[in-house]
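Subject: Structure handover

Hello,

Please find the structure below, with the sequence. My notes on it follow.

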Amino acid sequence: DLGSTPWLRAERAKALSEEWDAPEILLAGPMITAPGGHPVAAEGRFSGMVRRVSGPESARRTVAEIAETGADVIKAVLEGGGFGGMRHAPSLSETELRAICEEAHARGLKVFVHVSTPAEARMALDAGADVLAHVPISEPLPPGLVRRLAIEGRSSVTTLSAFEGFFRLIDDPGYVDTPDVADHVDPEVIEACRGADVVSFADTNPFTVYARNQIDVASDNVSA
């Protein structure tokens, strides 16, 4: 899980100690981001999903603290916003991200970096990221960046279904009744997805429109 609260770590530990018949879960623990940066919704009861750092030494200490909780990987966030209806937001500097990568690698941990644009992807690679979390959705990937990803053996978590999820409830609400969904998802969750507040949010949120328009770009970037 690339960004979770302490609850999930505790549940994983309980599953292991009590020998549950449960899937193996690899955890990043909280995401590392800038003060006021993405994910901006990680406040209040969701504040445990992030650690906000200022400067390279703060970044190194945070990686060490997360690693000591038993994290399997480290997740950092590069997201300046300013597109798809998102406001501009502070983001990690390359110096901070490099410190995160160096500290994580020194501890034998890979670093997953959230990116949305080719520029952020390039900065993540320059800083030492092992994996890009999300394929850039803002515009087509430059051929040179695609070649670099291939040559250097860096991976990308596509999350196309996450982008699609912003608009699929509006465009194809019947998909929640298909066997692939209905046979594996709690009925209460399915009914919650049909709720008026969820549908209203999906239909009015600016990112819904943006994701619908950009899904082909993201798909082409994955294919590249």
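Notes on the structure

Arginine 60 has a relative accessibility of 25% and counts as partly exposed; that class lies between buried, under 20% relative accessible area, and exposed, over 50%, with a 1.4 Å probe and protein chains only.

This is a predicted model, in which local features need pLDDT of at least 70 and side-chain atom pairs count only at pLDDT 80 or more, while totals for chains, interfaces and linings use all residues. Residues are numbered from 1 along each chain as its sequence is written, and side-chain values use heavy atoms, with hydrogens and water left out.

Salt bridges

A salt bridge here is a side-chain nitrogen of Lys or Arg within 4 Å of a carboxyl oxygen of Asp or Glu. By this rule there are ten salt bridges. One of them joins arginine 60 to glutamate 102, with 2.6 Å from N to O. Arginine 60 sits in helix α2 (residues 56-68) and glutamate 102 in helix α3 (residues 94-106), so the pair ties together parts that are 42 residues apart in sequence. Helices (H or I, at least four residues) and strands (E, at least two) are DSSP runs numbered from the N terminus. Glutamate 102 is partly exposed, at 39% relative accessibility.

Glutamate 103 makes a salt bridge with arginine 107, the closest N and O atoms being 2.9 Å apart. Here glutamate 103 is buried at 16% relative accessibility, whereas arginine 107 is partly exposed at 38%. A network of salt bridges links Glu57, Arg60, Glu102, Glu103 and Arg107. Another salt bridge is between glutamate 152 and arginine 154, with 2.8 Å between the closest N and O atoms; glutamate 152 is partly exposed, at 37% relative accessibility.

Histidine 114 and its strands

Histidine 114 belongs to strand β4 (residues 111-114) and is buried, with a relative accessibility of 7%. Its side chain has a polar contact of 2.9 Å with that of glutamate 79 and one of 3.2 Å with that of histidine 134. A polar contact is a pair of N or O atoms within 3.5 Å; within protein, one must be able to donate a hydrogen and the other to accept it, and residues adjacent in sequence count only if both atoms are side-chain atoms. Leaving aside neighbours within four places in sequence, the contacts of histidine 114 (heavy atoms within 4.5 Å) include His38, Lys75, Leu78 and Ala133.

Strands β3 and β4 pair in the parallel sense over four bridges, where pairing requires DSSP to find at least two bridges between two strands. Histidine 114 in β4 is the bridge partner of valine 77. Strand β3 (residues 74-77) is covered on both faces, with Ile74 and Ala76 buried on one side and Lys75 and Val77 buried on the other.

Helix α10 and the segment after it

Helix α10 (residues 206-223) has 18 residues and spans 26 Å from first C-alpha to last, close to the 26 Å expected at 1.5 Å a residue; the expected span is 1.5 Å times one less than the number of residues. At glutamine 214, α10 bends by about 50 degrees, the bend being the angle between axes fitted to the seven residues ending there and the seven starting there. Buried residues of α10 include Phe207, Tyr210, Gln214, Ile215 and Val217.

Alanine 224 falls in the segment after α10 and is exposed, at 56% relative accessibility. Between alanine 224 and arginine 147 there are 9.2 Å from C-alpha to C-alpha, and the two are 77 residues apart in sequence.

Regards
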